[in-house]
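Try each task yourself before you go on to its solution.

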Amino acid sequence: MGITERVVLLDEAGAAAGTAAKADVHHDATPLHLAFSCYVFDGRGDLVVTRRARSKATFPGVWTNSFCGHPAPGEPMDVALRRRARQELGIELDALRLVLPGFRYRAEQGGVMENEMCPVFVARTVDVPREPDPGEVDEVRTVAWAIFRDDVLAGTWPGISPWCADQVRALAPLGEDPVGWAPGDPRALPPAAFLESSAGDR
């Protein structure tokens, strides 16, 4: 038998309020829970964007940021991000930084709701995601940040996830060059979220 993945449930203040099986948590009344999003830039400085697998229960087939995920109960955010990058895209992360510690969203599609406190991170990679997990990702592209940002803000990038659209709007004021984005304050993370190494290089 496989190990049951569990997510951290949250109260309205972002404190841990229990756990639930990941497979059971998303439905028409999804409880608030802890997640993360990451924007990964390749060796040329282009953003890695992914199209979610059409088999996924939530928002199948939409384009989104590089990857998302959920820390396991007791798992530091930076450890969870590196784990998820390997699982979903087969890549290693470098220069991992927190940029939007307080991001939160709700979105619904097809009777299934996303309801997350979802800190946003940025990272680099020298790897090319050649064999992404087909259960998670249907397609991978790289694109200049400015082009992606402008298309998302203009509503011309086809089929973008609602959380990615909101995140791009929040990231846009940070500047033209993602390498120079100011790091977010870890004290603004939900209380249930914690970093093992301040999301720095390891």
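**Exercise 1. Find the volume of the second largest pocket and say which residues line it.**

Solution. Start with the volume: the second largest pocket holds about 170 Å³. On a 1 Å grid over the protein atoms alone, a pocket is an open set of points where a 1.4 Å probe fits, with protein on both sides within 12 Å along at least five of seven lines; lining residues have an atom within 4 Å of a point. Grid points are joined across faces, edges and corners, and the volume is the space filled by probe spheres set on the points.

Next, list the lining: Phe41, Asp42, Gly45, Ala95, Arg97, Val122, Ala123, Arg124, Asp177, Pro178 and Val179. Then sort these residues by type, which gives 6 nonpolar, 1 polar and 4 charged. Here Ala, Val, Leu, Ile, Met, Phe, Trp, Tyr, Cys and Pro count as nonpolar, Asp, Glu, Lys and Arg as charged, and the others, Gly among them, as polar.

Last, look at the elements. β8 (94-100) and β11 (120-124) each supply at least two lining residues, and β11 gives the most, with 3. Helices (H or I, at least four residues) and strands (E, at least two) are DSSP runs, numbered from the N terminus.

A word on the source: this is a predicted model, in which local features need pLDDT of at least 70 and side-chain atom pairs count only at pLDDT 80 or more, while totals for chains, interfaces and linings use all residues. Residues are numbered from 1 along each chain as its sequence is written, and side-chain values use heavy atoms, with hydrogens and water left out.

**Exercise 2. Describe the backbone and the surroundings of Ala95.**

Solution. First place the residue: Ala95 is in strand β8, and Ala95 is also one of the residues lining the second largest pocket. Now check the backbone: phi of Ala95 is near 50°, a positive value in a residue other than glycine. Finally, with a relative accessible area of 12%, Ala95 is buried (buried means under 20% relative accessible area, exposed over 50%, partly exposed in between, with a 1.4 Å probe and protein chains only).

For a second case, turn to Phe59. Phe59 is not a glycine either, and has a positive phi of about 50°. Phe59 sits in the loop between β5 and β6 (63-64) and is buried at 4% relative accessible area.

**Exercise 3. Work out which residues line the largest pocket closest to its centre.**

Solution. Begin with the space, about 420 Å³. Of the 26 lining residues, Lys22, Arg52, Lys56, Thr58 and His70 are the closest to the centre. The elements that give two or more residues are α1, β5 (47-52), β7 (67-69), α2 (77-89) and β10. By type, the lining divides into 9 nonpolar, 8 polar and 9 charged residues.

**Exercise 4. Find which residues the "binding site" annotation covers, and look at where they lie.**

Solution. Step one is the record: an unreviewed UniProt entry annotates His26, His33, His70, Glu114 and Glu116 as "binding site". They span 91 residues in sequence, yet no two of their C-alpha atoms are more than 12.5 Å apart, so they gather at one spot. Among these residues, His26, His70, Glu114 and Glu116 belong to the lining of the largest pocket. UniProt positions are given in the numbering used here, feature names are shortened, and annotations may be inferred rather than shown by experiment.

Step two is His26, in the loop between α1 (22-25) and β3 (33-34). Leaving aside neighbours within four places in sequence, the contacts of His26 include His33, His70, Glu114 and Glu116 (contact means heavy atoms within 4.5 Å).

Step three is Glu114, in strand β10 (residues 112-117). Glu114 is buried, with a relative accessible area of 5%. Its side chain makes a polar contact with the side chain of Thr58 (3.2 Å). A polar contact is a pair of N or O atoms within 3.5 Å; within protein, one must be able to donate a hydrogen and the other to accept it, and residues adjacent in sequence count only if both atoms are side-chain atoms.
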